[in-house]
Amino acid sequence: MPRPIHATIHTAALHHNLERVRQSVPDAKVWAVVKANAYGHGIERAYEGLRGADGFALIDLAEAERVRQLGWRGPILLLEGVFEARDLEVCSRLNLWHAVHCDEQIDMLAAHKTQVPHRVFLKMNSGMNRLGFTPQRYRAAWARLNALPQVDEISFMTHFSDADGPRGIAHQMAAFNEATADLPGERTLSNSAATLRHSSDAAVRGDWVRAGIVLYGNAPDHPENTASHWGLAPTMTLATKLLAVQQLQAGDAVGYGSNFVADGPLTIGVAACGYGDGYPRHCPTGTPVLVNGVRTRLVGRVSMDMVTVDLTPLLQAGMEVGFGSEVTLWGRASNGAVLTIDEVAEPAGTVSWELMCALAQRVPVTVE
C-alpha cells in the first residue's frame with residue numbers, strides 16, 4: 001500500500017468559487033488565473049472546474065500550450081508578456097493575448113513578421129513598482145503600439161498593491177484613470193482582493209477581472225476576512241492518517257530540538273506528513289489540524305515525513321482514535337469539517353498561495 005498522504009482537488013468547489021466571482025462582478029468578464037500550475041492544483045485537474053471562465057491568464061508558454069491542448073479555444077493572456085522575440089511566433093500559433101510592460105517588448109513587436117496582428121494589454125506601473133510603464137510614459141507607449149501594423153487591439157492593465165488592506169486602491173486608480181482618459185480599449189485592473197472588496201465601483205471592475213486566489217477558496221484579505229465570510233469553498237484537501245500513538249509524561253519532549261515538552265500526561269498521534277510533502281516546516285506548536293474531523297493542534301517540530309498532533313480533544317470527547325485515524329492538514333474532512341489553508345499558513349508566517357504551490361510531487365493527487 002502507498003503511504004497514506006494524499007491531496008484531493010474539488011472540482012465542484014472550483015466551479016462554486018468562479019460563480020461567486022461572477023456574482024461580485026456580474027457585468028465583467030473573468031480571467032481564471034492558472035499560473036504556477038493552477039496554484040499547485042494542476043492545470044489539467046483544475047480545468048473542468050474553471051472552464052466556465054471567459055479566459056485563462058497565466059505566465060509561461062508551456063502552460064498556455066497545455067490549456068490549448070485541453071480544448072480551450074477562448075482567450076489566453078500572458079500576464080508578463082513575452083520574454084524573447086521568438087515567443088511572439090508561439091503567440092501567433094496559439095492565438096495568445098499578451099501583456100506589454102516595457103520598451104523591449106514593443107521593440108520585439110516592431111521587428112516581428114506576422115500576418116495576424118496581436119491583441120496586447122499595455123501594462124501601467126500605477127504604484128506597485130514591479131512591471132509596467134509609469135503614468136508619465138504610458139501614453140507614449142500606447143502611441144508606439146498603436147502605430148504598429150503588428151498590433152491589433154490594445155487593452156489596458158494595471159495591478160493593485162494594497163487592494164487587501166487599509167491603503168486601498170484610490171491612489172492607483174487616480175493614476176490609471178488620468179493616464180488612460182479617452183484612450184479606447186478594454187480594461188483589466190482587479191485582482192482577487194479588488195474583485196471582492198471594491199467591485200461596487202464600475203471603473204474598478206473594468207471589462208475583465210483577474211480572479212486568482214479567490215478561485216482556489218482562499219480569502220485574499222485574510223486574516224481581516226475569512227473564506228467563509230466571502231462564501232468560498234476549499235478546492236484542495238491535504239489529508240493523511242495516524243501512523244502511531246505515543247503516551248507522554250510530564251517532562252517528555254517531542255521531535256527534533258525538543259522544543260515541545262509536555263507539562264503533564266499527554267497522548268499524541270504521529271501523522272504521515274512533513275515538509276517533504278510541502279507542509280510548512282515553520283508551523284509551530286498550536287497550528288490547527290483536524291483528526292477524525294475534530295480540531296486539535298500540532299505539537300513539536302515538523303520533520304520531513306511526520307508531524308505530531310495532540311489527541312486530547314478527541315479523548316475528552318470519548319472518541320476512538322488510533323492507528324489509521326484520518327488527519328486533515330487543510331481542507332475538508334470526511335465528516336464535513338473544514339480547516340482553511342489560511343489558518344495553517346498564518347502561524348507558519350506565510351500565505352495560502354505558497355502552501356498550495358509547494359505541494360510536493362510525491363503526494364498523490366486525485367480529482368473529486
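The model is predicted: local features need pLDDT of at least 70, side-chain atom pairs count only at pLDDT 80 or more, and totals for chains, interfaces and linings use all residues. Residues are numbered from 1 along each chain as its sequence is written, and side-chain values use heavy atoms, with hydrogens and water left out.

The largest pocket has a volume of about 650 Å³. Its lining comprises 27 residues, of which K35, Y39, R130, H159 and N191 are the closest to its centre. Helix 2 gives the largest share of this lining, three residues. By class, 16 lining residues are nonpolar, five polar and six charged. Here Ala, Val, Leu, Ile, Met, Phe, Trp, Tyr, Cys and Pro count as nonpolar, Asp, Glu, Lys and Arg as charged, and the others, Gly among them, as polar. A cavity is a set of points where a 1.4 Å probe fits but cannot get out; a pocket is an open set with protein on both sides within 12 Å along at least five of seven lines; lining residues have an atom within 4 Å of a point. Grid points are joined across faces, edges and corners, and a volume is the space filled by probe spheres set on the points.

Two cavities of 30 Å³ or more were found in the whole structure. The largest cavity has a volume of about 100 Å³. Among its 16 lining residues, N218, P234, T235, M236 and I341 are the closest to the centre. Strand 17 (326-332) and strand 18 (338-339) each supply at least two residues of this lining. The lining has 11 nonpolar, five polar and no charged residues. The second largest cavity has a volume of about 40 Å³. Its lining consists of K123, M124, N125, S126, M128, N129, R130, L131, T158 and H159. Three of these are nonpolar, five polar and two charged.

In soluble globular proteins, nonpolar side chains tend to be buried together. L145 touches V100, I106, L109, V120, L122, V151 and I154, not counting residues up to four places away in sequence.

T188 lies in strand 8 (residues 187-188). T188 counts as buried because its relative accessibility is 0%. Buried means under 20% relative accessible area, exposed over 50%, partly exposed in between (1.4 Å probe, protein chains only). The T188 side chain makes a polar contact with the side chain of R210 at 3.0 Å. It also reaches the backbone oxygen of W208 at 3.2 Å. A polar contact is a pair of N or O atoms within 3.5 Å; within protein, one must be able to donate a hydrogen and the other to accept it, and residues adjacent in sequence count only if both atoms are side-chain atoms.

K113 is found in the loop between helix 6 (103-111) and strand 6 (118-124). K113 counts as exposed, at 77% relative accessibility.

Conventions. Helices (H or I, at least four residues) and strands (E, at least two) are DSSP runs, numbered from the N terminus. On a 1 Å grid over the protein atoms alone, a cavity is a set of points where a 1.4 Å probe fits but cannot get out, and a pocket is an open set with protein on both sides within 12 Å along at least five of seven lines; lining residues have an atom within 4 Å of a point. Contact means heavy atoms within 4.5 Å.
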